[in-house]
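My entries follow in the order of the look-ups.

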Amino acid sequence: MPKQDGCRKAVIPVFISFAGCPHRCIFCNQRVINGESENSLRAAEEQIARAEAWVLPGAANELAFYGGSFTALPLDRQRALLSLAEGRRRKGLFGRIRLSTRPDAITSEILEQLQEFGVETVELGVQSLDDRVLALAERGHTAADVERAASLLRRYGFRIGFQLMVGLPGETEDSLRLTRDRVLSLAPDLCRIYPLLVLSGTKLAQLWEAGAYAPLSLEQAVSRTAYFHQAFTAAGIRVIRMGLQPDRDLCAPGHILAGPFHPAFGELVLSHEYRTRIESLIEAQPPGNYNMIITCPDRLASVLRGQHRCNVEAWEAGGRIRVVFRQGEKVGVDFHDR
């Protein structure tokens with residue numbers, strides 16, 4: 001469903017499930033994720049028409065083609081979808097277009113057509129930048145394909161997005177570090193980070209059922225996502241999503257078989273980051289007992305406290321810290337002897 005921010009900005013998703021995909025990766029079942037069983041032009045038009053029924057028209061709105069490999073479609077099919085979108089843009093429904101695609105489906109000819117229709121952002125399904133991990137996931141592309149695609153997109157002036165995963169088969173600390181460092185060197189404009197889930201109807205589900213794949217625990221997934229998130233945000237790369245959107249189709253019984261799913265996964269990651277940062281501040285204090293005064297906006301109080309106050313309990317463990325919260329415009333931490 002489209003998301004509208006204060007009736008001012010909406011993202012209108014148009015799912016083209018599996019369209020353009022040369023094969024299916026071991027973890028992918030787009031119809032479970034987005035609930036769209038068709039990827040025809042008519043189905044795309046129907047999705048836009050449903051959005052028209054309630055989205056407040058405006059140039060800040062954005063139409064997004066998701067769920068397939070848009071640029072791997074034949075050029076005439078791409079043009080038909082873009083022409084469909086252009087008709088609605090001329091009516092003022094939205095002002096911008098973004099799409100997601102494969103790193104090995106980017107050429108100058110394709111990008112020239114995207115420019116013709118005013119596409120601004122191209123998100124690449126990168127998943128990992130370790131070739132061994134990519135091969136085990138049966139992605140069908142390499143890290144070099146990502147580098148070439150990012151270079152070409154930048155040359156044509158597109159905003160670049162990377163979609164990454166944690167918990168892929170064969171993932172190690174070294175592969176995570178390699179992916180982090182390569183993402184930092186390629187400097188995309190934005191990233192999404194997803195923990196790998198075992199979805200019904202996938203090859204990964206078969207591996208899991210056979211005992212050949214073990215998903216991350218929720219704690220592990222949060223920690224690995226935080227590892228990426230902290231590095232990327234420090235470098236000025238916007239992380240616009242962590243975790244899959246917990247919509248009705250994904251959460252239907254029998255769709256998620258295993259894995260670190262949580263409806264507020266992104267909040268857990270932020271909470272984890274605050275917990276570790278404040279733990280380092282506590283460790284830096286001289287021996288003694290303290291009132292730790294945490295100042296923060298009301299909207300961040302629950303994130304700082306942690307789910308079921310787990311952060312507060314961790315900070316207060318041992319008895320030398322007592323946590324006190326105060327309302328303020330910015331996050332701050334002060335220590336006072338008690």
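I checked Gln113 and found it buried, with a relative accessible area of 9%; buried means under 20% relative accessible area, with a 1.4 Å probe and protein chains only. Gln113 belongs to helix α4, residues 108-116; helices are DSSP runs of H or I of at least four residues, numbered from the N terminus. Beyond its neighbours within four places in sequence, I list Leu75, Gln78, Arg79 and Leu82 as contacts of Gln113, contact being heavy atoms within 4.5 Å.

I noted the provenance: this is a predicted model, in which local features need pLDDT of at least 70 and side-chain atom pairs count only at pLDDT 80 or more, while totals for chains, interfaces and linings use all residues. Residues are numbered from 1 along each chain as its sequence is written, and side-chain values use heavy atoms, with hydrogens and water left out.

I next examined Leu114, which touches Phe70, Thr71, Gln78, Leu82, Leu99, Val119, Val122 and Phe158, residues up to four places away in sequence not being counted. In the largest nonpolar core, of 60 residues, Phe65, Leu114, Val122, Phe162 and Phe232 touch the most other members. Such a core is a set of buried Ala, Val, Leu, Ile, Met, Phe, Trp, Tyr and Cys residues joined through side-chain atoms within 4.5 Å. I also recorded a second, separate core of 20 residues, with Met165, Val198, Tyr213 and Leu250 among them.

Last, I looked at helices α7 (residues 173-186) and α9 (residues 218-234), whose axes, 10 Å apart, meet at an angle of about 25°; axes are lines fitted to C-alpha atoms over the stretch in contact, and angles run from 0 to 180 degrees between N-to-C directions. α7 is therefore roughly parallel to α9, a term for angles under 35 degrees.

Notes. Buried < 20%, exposed > 50% of the residue type's maximum accessible area, 1.4 Å probe, protein only. Helix = DSSP H or I, 4+ residues; strand = E, 2+ residues; numbered from the N terminus. Parallel < 35°, antiparallel > 145°, perpendicular 65-115°, else oblique.
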